Every structure is written in C-alpha cells, then in structure tokens.
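Keep the sequence and the 3D view open as you read.

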Amino acid sequence: MSVTIRSIHTTIDEIHSEGGRPVQPAARVAVVLAVIENPWAGQGFVQDLGPTIDAVAPELGKLLSARVVSALGAPVEAYGKAAIVGLDGEIEHGSGLIHTLKFGDHFRHAAAATTLLPAVEKRAPAGTVFDIPLKHVTDATIRSHHQTVEARVPDAPRADEIIIGLAAAAQGRPHARLAPLASEQ
C-alpha cells in the first residue's frame, strides 16, 4: 500500500427491536474505518494532490469495500463514506481521497450501486464522534434508506492522520413508514 495504515476498525450493529416491536430479520449495518497516515503530512500546502490521490485512493477503496461488504454479510441496500482529518491536515486531504471514482467505484461495484455515495468529511481531534450518512444504492429518493450510523475511533485521528471509512446497511431504517417522495409531488 502506498500509505501507512495504523489500524482498521470494523463495527457491526444489529437492531433486534425498535419502537417496542421486533425487527425481523435484524437490521444490520457494518462500518469499516482505516486510520491512515496523512500522506501530505509535514509538506505544507500542496497544490497538486492528484499524484497522491492516484496512488492511495484506489488501494483504500478496494481494501475497505471488500471488508465492509464481507462484514455486512448480506446484500448492500444503503451505503456511505467518511473522511475525518486530523487537526494538522486539511479537509481537502480527506475529500481528495474519498471524492474520486478511483475510491468510490470499488464500493459501487461491490454493492451493485448506481447512486452517488453520500459522505461526511471534517477536521477533528482524536475520539470525535461522527455520523456517516447512508442512502439507497440505486435510488437516493427512497426515504426508508435515509439514515446515519455513528462512528468513532478513540485514539484517532491523530494530528497527522486521516480516518477513511465506509458504511453499509442491509436494509432501510427499522419499521420505516414515511410516504414515498412521489406522494408529495
């Protein structure tokens, strides 16, 4: 890999009951977060991020996509991504790595997805809680699949690190019952 990975964190969340009613099958969401060394750390302002994006983003996309789909253990119906940059980095560093087809297309192909991959990106200190937005993989207007999953790495990102993450859900929100968007048009 063209970048140093300090750690990878995988979380699987299963909801068995919502609103006092059983959820069957259990609603399942998987999150995989890689804590990487910021490849631009210590370089000052870098005008052309492209060469590093080309070297790092495809490998991260391939690695994280395979892991999150495997962890989910079911077909992906909703998905999202994240880049949380340590305090000495720029938000553009995280954005550059996740907002390229060289990263996102790995997940799109693994999830048989056609929609834009929603994202959260921000600069934050270690231990920050962040929410990864999820949308339906083929139709972003399907309201039942609009949801977020909370994520956190207790010791990351350090000032010179970036957390790059993917999240996948096997379904929409438990007991979703909002009217379709078309009903309001």
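Which residues are exposed on the other side of H3? They are Leu101 and His109, where exposed means over 50% relative accessible area, buried under 20% and partly exposed in between, using a 1.4 Å probe and protein chains only.

## About the model

This is a predicted model, in which local features need pLDDT of at least 70, side-chain atom pairs count only at pLDDT 80 or more, and totals for chains, interfaces and linings use all residues. Residues are numbered from 1 along each chain as its sequence is written, and side-chain values use heavy atoms, with hydrogens and water left out. Helices (H or I, at least four residues) and strands (E, at least two) are DSSP runs, numbered from the N terminus.

## Helix H3 and its partner

Let's stay with H3. Its buried residues are Phe103, Gly104, Phe107, Arg108 and Ala111. Seen down the axis of H3, they fall within an arc of 125°, so they line one face of the helix; the arc is that of the directions from the helix axis to the C-beta atoms. Their cover includes helix H1 (50–72), E3, helix H2 (91–98) and E7. Just after H3, Ala112 has a positive phi of about 50°.

How do H1 and H3 sit together? Their axes come within 7 Å and cross at roughly 25°. That makes H1 roughly parallel to H3, a term for angles under 35 degrees. Axes here are lines fitted to C-alpha atoms, for helices over the stretch in contact, and angles run from 0 to 180 degrees between N-to-C directions. Contact means heavy atoms within 4.5 Å. Residues of H1 that meet H3 include Asp54, Ala57 and Leu64, and those they meet in H3 include Phe103 and Phe107.

## A covered strand

Now turn to strand E7 (residues 161–169), where nine of nine residues are buried. Both faces are covered: Glu161, Ile163, Gly165, Ala167 and Ala169 lie on one side, with Ile162, Ile164, Leu166 and Ala168 on the other.

E7 runs antiparallel to strand E2 (residues 21–37), joined by nine bridges, and antiparallel to strand E3 (residues 78–85), joined by eight. Strands pair if DSSP finds at least two bridges between them. Val35 has Ile163 as its bridge partner in E7, while Gly80 has Ala167.

## A buried proline

Pro118 is found in the loop between H3 (101–111) and strand E4 (119–123). Is Pro118 buried or exposed? Pro118 is buried, with a relative accessible area of 15%. Leaving aside neighbours within four places in sequence, its contacts include Tyr79, Gly80 and Pro133.

Key:
Parallel < 35°, antiparallel > 145°, perpendicular 65-115°, else oblique.
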